[in-house]
Amino acid sequence: MVLIICTDPLPLEALGRLYSRIGFILFPFSVALIRYTTIGRAWNNDGLLTNVGVTTNKNMLGLIVFVISLGVLWNVRRLLVNEHEPNRRRRLLSQGILLAFGIYLLSIAHSSTSMACFLLGSGLVLATHLRAIGRRPSRVYALGLAILCAGGLALLLGGAEDTASAFGRDATFSGRTNIWAALIPAASNPIIGAGFESFWNSPNVVIAHRALALDNWYHPEGLNEAHNGYLEVYLNLGWIGVCFIVLILATGFSRATRVLSRDVELGSLTLSYIICGAIYSVTEAGFRTLNPMWIFLLFAVVSVSGANAGVFGSGFSNGPHVPDGGLRGADSEMGAASPGGWHLGTIQ
C-alpha cells in the first residue's frame, strides 16, 4: 500500500483521499456500533467494559483513529489557509465533521498512547508551518530532540508516575513494566533474536509466562505482544533488528527535516508520523507487520527518501511551494508533469 500511494501521479492527493474514504467508513460506523449495539464494546482482561468500535480492542481503535485523524487535521489546515482550493467550503465542512468524529472516538476509546501521540502529532503539524521553525532545519532538529529528551529525562528522573497519571495510567503503565521485566530474561538470543515473528511461538515464551504468573498476572498465556515496539523487535531480531529500526527512524527524521525546508506540506506530515511512531512504540508494539502505525511510518520514510533522491517527480517536487495547491508547469491542464514536476494537487 505504501508503494501504491508513493508512486501515484499525485501521491499526497491519493493520501488525502485515503484519509477521507477510510475515515468516513470506519469513524461513523464505530460510533454507531458503540452507541447503539453491543458489538462495538468488549470486556478487557481487567473485567472492564471498553469501546472497541469496528476493531477488537480499544488500543487498536485508538491507533486507527489517531493515524487517520492526524491526516484529517493536516487536510483541514491546508484548506483553511488555501482560499483558492476548489470546492473549499464543502470539503472543509466534510473534513471538519470527520475530525470531530475522530476526536470523539479518541475520547471514548481511552487509549492513552494514541491520544498522546495525536496531540503531539497535531502540535508538530501546526508548529512546523510556522516560519520561525519550518524553514529552519536546525530549529526542527532542536524541536525533535527536545521532545525525545523531555520524555527520556521524565523517565530517568522518576517522572514516569506523573507522566502515566496524566494520561490515566499508573506507574507501571497498566502493567506494561511488569511485562517488560518478564520478557527481557526470556530472550533466546540477544544478538539475532528468535527469528522474524517467531518469539511468541518459541519455547522461551513459557519463561515469561511463568514470571508473570508468579507476579499474580491474570492468564499470562494470553499475552502475545510485548507492548513495546523496540522490545518486540529485540525478542524477534535481537540487537541487530533494534539497530536497524533506530537507523530507519534516524534516517527518516533527518530526511523529513530536509524536505520540510522545501515542501512544508509533505515535510510536516511525514515528520509527525516519524516522531509519533518512535514515541508510540514505547508502550505499544508499533513495528509489527500490518500494524497501521508501521504502515504510515513506512510511508513517511519512503516518501521523504524518494523526495530527497528526486525519484518522485509528481507531488514530491523540489520546487517552491504553491500556496493554492495547484499544478505547476505548462502541461498541468493535461495532467502531464512538467520538467520540474508538479506540486500538490487538490485533496478530496
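**Exercise 1. How α11 and α13 are oriented**

In this predicted model, work out which orientation class describes α11 and α13 relative to each other.

*Solution.*
Step 1: Two packed helices are described by the angle between their axes and the distance between the axes.
Step 2: Take the helices here, α11 (residues 229-260) and α13 (residues 292-309): their axes come within 9 Å and cross at roughly 50 degrees.
Step 3: Angles under 35 degrees count as roughly parallel, and 65 to 115 as roughly perpendicular. The pair α11 and α13 is therefore oblique.
Step 4: For the handedness, α11 passes α13 in a left-handed crossing.

**Exercise 2. Who meets whom**

List the residues through which α11 and α13 meet, then sort the contact by class.

*Solution.*
Step 1: On the α11 side, find I245, I248, L249, G252, R255, A256, R258 and V259.
Step 2: Their partners in α13 are W294, L297, V301, V304, S305, A307 and N308.
Step 3: Sorted by class, this contact of α11 with α13 comprises 10 nonpolar, three polar and two charged residues.

**Exercise 3. The two faces of α10**

Now turn to helix α10 (residues 205-214) and find its buried residues. Where do they lie around the axis?

*Solution.*
Step 1: The buried residues in α10 are V205, A208, H209 and L212.
Step 2: These residues span an arc of only 100 degrees around the axis, so they sit on the same side of α10.
Step 3: Look at the face turned away from that buried side, and you will find the exposed residues R210 and L214.
Step 4: Among the elements covering the buried residues of α10 is α9 (176-183).
Step 5: Finish just after α10, where N216 adopts a positive phi of about 60 degrees.

Technical notes. Residues are numbered from 1 along each chain as its sequence is written. This is a predicted model: local features need pLDDT of at least 70, side-chain atom pairs count only at pLDDT 80 or more; totals for chains, interfaces and linings use all residues. Side-chain values use heavy atoms; hydrogens and water are left out. Axes are lines fitted to C-alpha atoms, for helices over the stretch in contact, and angles run from 0 to 180 degrees between N-to-C directions. Helices (H or I, at least four residues) and strands (E, at least two) are DSSP runs, numbered from the N terminus. Angles under 35 degrees count as roughly parallel, over 145 as roughly antiparallel, 65 to 115 as roughly perpendicular and the rest as oblique. A crossing is left-handed if the near helix is turned anticlockwise from the far one by less than a right angle, and right-handed if clockwise. Contact means heavy atoms within 4.5 Å. Ala, Val, Leu, Ile, Met, Phe, Trp, Tyr, Cys and Pro count as nonpolar, Asp, Glu, Lys and Arg as charged, and the others, Gly among them, as polar. Buried means under 20% relative accessible area, exposed over 50%, partly exposed in between (1.4 Å probe, protein chains only). The arc is that of the directions from the helix axis to the C-beta atoms.
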